[in-house]
Amino acid sequence: MAVFFTPEWAEEVREAVDRGPGEELRAAKLPAYWAWIDGARASYSSSWALGVRDLAGGGPVYLRLGWKDGACAEAAIVGPDDPLDATYVLVADFATWRDLLAGEDPGRIVMYRRLRLQEGDVLRFFRGIYFFIESVAAIGRVAARLP
Amino acid sequence: MPEMSREKVAAVEGSALGQIHDIDIDDVLDYVHKDLKRLPGYIELYQRYLRQRWDVYEIDFAQDARDWTDRMTQDEREAFTAISSGFHHGERQVEVELPVFMLGGSEESRIYMSSQIEDEARHTVFFDRFYREVVGLPGDSVQDVLDASFQHVSETFVGPFGLLAYQADELRADPEDLAARVRYGTTYFLWIEGVLALSVMKITLSYCRNAGLLPGYYTGFTATCRDEARHVQFGMRFLREAVQEDPRLLREIHETLRTILVINGATSRRLALEALGWTQDEVRRLMIRQLTMKLVDVGIDLPPDVQQMISNIEPELAGG
Ligand SMILES: [Fe+2]
Ligand SMILES: [Fe+2]
């Protein structure tokens, strides 16, 4: 099992996010919902930096996912001292990440603002909100060894 | 819309909680819109609040609890729970996101805003009581009951309400940023309150009235709807004044509406509206009417692409 916030884990996350949910998960929600997500994703070329604020006591570390024409093309771990360039930068504390990996609903995480948008246009970001939420859910399903 | 008679206005305006059960929800909805062209000032709305506030602990849910178990079908209970859960969580969300808006604006606006924050907290308590005493959800705290009803909340709740949460965060950085206030106000007062909340009120309250069910819910939620009249009138006045001050802010309203209407296109669960006596198409028309009436009365013109998006609105049931 890959260690949380390492390059190996980031690559597993990229594959999972790119693949999207399987048939069983899709069946739990209406086809219209997945059609909306497919539409939002179709030409998506923004990037997300998803940070953990307090990993092992250090400064924020980010998982950067880069989308290109609807495919998740790059995944990297960006440290506190590395330059960070992403369309949307979001940050949560470690407890929130741990809950996500334990199955907590990403929609509820956003509602309670446990994951905050630190950089990026709020309105533009929300035009892909369910695509983002389901991608975060996919990240939560990737098994990882926590520190 | 025909003029409301003076007797009806007086009944909606002046009823104490004990008399609210006799008021028709349609009259309260007319009351929301009757003042939109004139739009009362912030202090007038605050004075109205002082006269109209009600005690949420005075509601008696005993008959509702009997109706819930003995007189409603499983389908009706499920549909009602699904719709009310969006409101239960919606009230909490609008309550906690509002204080940041009070930090900006005129002193009159801030004074009025203190009353709306109190209203939203009271509405949250109303749903907390309903879920405990009628639906029978367990919990020692308000959060426990919210957690217990969350499974009934649609996945698409996070669209408008997550947007509001993030817009509140944006406003926190600079509470006087008028463009950010307008974007926030479009989501909160125009869409969540003016369209979503008023539509849910119409659907659930007309179901209660037609079926003669849930008198405690009818009383409290009708009083909530009367509170909503003040909230929507405040919001429309705020948007109108902002655009008068700087016509470029109209663009912020349009951009926010575009986002909201894109989000609205996603539906993750089928709503069993039929159990409450509504069709999807009727709800769509109700929502479109709620939105366009406000835009017309307040004088907010829309570009053709947004008008087209409005005609494709999908039924979406939550509120705050
Ligand atoms: Fe409200
Ligand atoms: Fe409310």
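1. Chain B exposes about 11,900 Å², of which carbon and sulfur atoms supply 49% (Shrake-Rupley method, 1.4 Å probe; for residues, only the protein chains shown count as cover). Buried residues make up 61% of its 320 residues; buried means under 20% relative accessible area.

2. This is a predicted model, in which local features need pLDDT of at least 70 and side-chain atom pairs count only at pLDDT 80 or more, while totals for chains, interfaces and linings use all residues. Residues are numbered from 1 along each chain, chains are lettered from A and ligands numbered from 1 as written, and side-chain values use heavy atoms, without hydrogens or water.

3. Chain B has 14 helices and 0 strands (DSSP runs numbered from the N terminus: helices H or I, at least four residues; strands E, at least two). Among contacts between residues at least 6 apart in sequence, 82% join residues at least 24 apart; contact means heavy atoms within 4.5 Å.

4. The iron ion (ligand 1) is coordinated by E120(B) (OE), E193(B) (OE), E228(B) (OE) and H231(B) (ND1), at 2.0 to 2.4 Å. Donors are N, O and S atoms within 2.8 Å of the metal (3.2 Å for Na, K and Ca); water is not among the atoms, so sites may look incomplete. The donor spacing along the chain is E-x72-E-x34-E-x2-H.

5. E120(B) also bridges to the iron ion (ligand 2), the two iron ions lying 3.4 Å apart. E120(B) sits in helix α7 (residues 107-135) and E193(B) in helix α10 (residues 178-211), 73 residues apart. Both E120(B) and E193(B) are buried.

Terms used. Buried means under 20% relative accessible area, exposed over 50%, partly exposed in between (1.4 Å probe, protein chains only).
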